[in-house]
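Subject: Handover of a structure and findings

Dear colleague,

Please find the structure below, followed by an account of what was found in it.

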Amino acid sequence: MADQMEPSVETRSQAKIQKETLPTSGMTGETERTEDKTSPRTVRRKVAPSAQGPSPPSLGSAEIFLNRELTWLAFNDRVLHEAKDPRNPLLERVKFAAIAASNLDEFFMKRIGGLKQQLGAGVHDRTVDGRTPAEQIAECYAFIRRHQEEKQRLWIELQKELQNHHIEVVPYRDLTKEEEEEIREDYFRNIFPLVTPQSIDPAHPFPFVSNLSLNLLITLRYPEDRELSLARVKVPIIAGAPRFVRIGEKNRFILLEEVMGHNLDMLFPGMEIVAWELFRVTRNANTDRSEEHADDLLALIESALVERKFAPIVRMEIMPEMDPTHRGRLAAELGLNEEADVFDIEGMMGMRDLLELAALALPRLKDPPHHPIDHPALQSQRNLFHIIREAGSVLLQHPYEAFSSSVERFLQEAANDPKVRAIKMTLYRTSSRSPIVDTLITAAQNGKQVAVVVELKARFDEAANIRLASRIEEAGIHVTYGVVGLKTHAKVILVVRQDYNGLRRYVHIGTGNYHPETARVYSDLGLLIYDKDIGRDATELFNYLTTGYTPKRTYRKLLPAPKHLKNALLEKIQREIDRHEENGSGHIRFKMNALEDADISRALYRASQAGVRVDLIVRDSCQIRPQVPGLSENIRVVSILGRFLEHARIYYFRNGGEEEYLIGSADGMKRNLEHRVEVVVPVEAPLLRSDLWTMLEAQWNDERGGWEMGPDGNYAQRSPRPEADDRSSQEILIELAQRRNKDVTRLKKRRSKSFGQRNLR
């Protein structure tokens, strides 16, 4: 078992790749091995430079920052490593390979697309780490080509392991005649009607090629005619056809494009098929337009969606053996640089479709099923608002604790409680099948005042949110689209209830979207609160969201962005420095998805230089370099990967012993802190703080899912000692949730038994 925990050759070689792409000048120094008193493992520590050594870089230097795009790509490499890790069940590894491919598609659509727009606009400004848009694209492309080669090698390995479990993806040439006939008949009946061939000739302009579509470029001619023609056929996966076509009754599959390529005579009867070649395109998803002078935001977003459909193509993937003339023609027709923007794929294109295989009903090849428990405080059938009022606040840990019996129940009881007068809510992303939408409509039908702030600009969910907004508005719900120029990313519900002595306000604030499907696979936090100050603050926030007017808005406890949060975080970091200089033991611990705001990063560097311990649990992009002599010896950066996507945001300050915990929707990114409406709330109850610290400790000491960053930006996968607990922090948190539930169940039984004995007496 201990041998399996050692970093693989791939992990170590990846560090070499990272070293080539991230600048490290001034970041080197001798190392020694020391025992970290806060962790059960031995870690690398940097030795302070000698008097003759290089002085630390200044806080105004570009070299103290890592590049956002490259650190995100390094994160996706860690995702891909989960697909390599033999400790993961086989179909989970296939799932991670699909996720890594899907992530890379979105990276091209959003990040490369954005960089190309800057390039096209003549922008040559350098990022905080000192790179121009052109330099970032070049370095990203070099990284991506290596990453894609690794992904294809991995797919070959996964296929071999799948075969060991009687799951095969076979080439067409391996089919028997009977199987060919069966596949052809199935294709003719169930897929062929979805297929539309398009000629490419002077009478037919080059066809529109949709985003992420897989396409066949077909070379054909009339019999006994030397002149060649071209046609394009889209593989109709998006239309509902499976990418992996089942052969017979067993788990044997063939790729749909192979089926189509070997049955082209159906589309072109009487023609000679000379060759067929595969290509795939990715379009820019950045079609945002200024809202400042828009008369109708809904119409603006709808037109932007149409533009996205026809947005410039930023990448083409092809088979390496594609005819060079065809390669050049496609690149020219699609407006691409043939040398830079065309990627040869040796193997399977569009590996995001591996999710079809990962969904096979083979429990032995997957993680054990996870069933969220009902939060112990909410297992009573009592009125939920009475429970919250007595508790003051209830901390929810998803997916360990169920979303349906907490957040959904909160809304359902509000919708049907005759004492509830109003419900106000933000919606960033939700599911079309979510009961939340039906609950809001029920509330309106029951005479409640219902106001919903729908964020139309939630990337890739714009169309769904437009449909949602239209549907709930038709039900009589007051719908607004937030503040002009800002995305509303906050996760807040406000319920106003007529209690016995007047109106009371009950609030839910979360770190994740109100999305019941992602609540099962994202690790998030929520807080159900009865607190007069927070209730007033939530009212103030919704008044801001529905009017956009900001003068004289004051908040007692909530820290909303963009007006308050960033300054508050900077002040709290400085307070930690001051308290440390007075009393010592300064400690900051942040958990977030990304850290990319230069002002926050410099403040954390200053804290480290002052001797404050800074622990950063950052899922993907992190621009801070830890363990740099004279700059960040007291900073460590850890990234956690596992079966659940880490999505919670927690801000912890020791504050001279008067500890402060904050949770909310905001990451440490400039866009979150300056260009979005976010909300962060303090967690004040001692027991809930203890629960948050337990969660943070489990993740900080995770030796199964943890990766630790070095000063050059490389991440090393942690290696548990043989005697250490080799469970991931997520497994530990599942067990802790189950244990809390058992303790409550045991207490209930004890009380019930005691009550029965008293009755007998």
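Asp499 is buried, with a relative accessibility of 5%; buried here means under 20% relative accessible area, exposed over 50%, and partly exposed in between (1.4 Å probe, protein chains only). Please note that this is a predicted model, in which local features need pLDDT of at least 70 and side-chain atom pairs count only at pLDDT 80 or more, whereas totals for chains, interfaces and linings use all residues. Residues are numbered from 1 along each chain as its sequence is written, and side-chain values use heavy atoms, with hydrogens and water left out.

Asp499 forms a salt bridge with Arg497 at 2.3 Å, N to O, and another with Arg504 at 3.0 Å. The term denotes a side-chain nitrogen of Lys or Arg within 4 Å of a carboxyl oxygen of Asp or Glu. Both partners are buried: Arg497 has a relative accessibility of 3%, and Arg504 has a relative accessible area of 10%. By this rule, the model holds 57 salt bridges.

A further salt bridge joins Arg352 to Asp105, with the closest N and O atoms 2.9 Å apart. Arg352 lies in the loop between strand S11 (342-344) and helix H9 (355-358), while Asp105 belongs to helix H3, so this pair ties together parts that are 247 residues apart in sequence. Helices (H or I, at least four residues) and strands (E, at least two) are DSSP runs, numbered from the N terminus. Arg352 is partly exposed at 23%, whereas Asp105 is buried at 3%. Both residues belong to a network of salt bridges that also links Arg280, Arg315 and Glu317.

The largest nonpolar core has 85 residues, of which Leu354, Leu357, Leu604 and Leu616 touch the most other members. Such a core is a set of buried Ala, Val, Leu, Ile, Met, Phe, Trp, Tyr and Cys residues joined through side-chain atoms within 4.5 Å. Helix H3 (residues 90-120) gives the most to this core, namely 13 residues. A second, separate core comprises 46 residues, including Val483, Leu525, Val683 and Trp700.

Finally, Asp712 is situated in the loop between strand S28 (706-709) and strand S29 (715-717). Asp712 counts as buried, at 14% relative accessibility.

Yours sincerely
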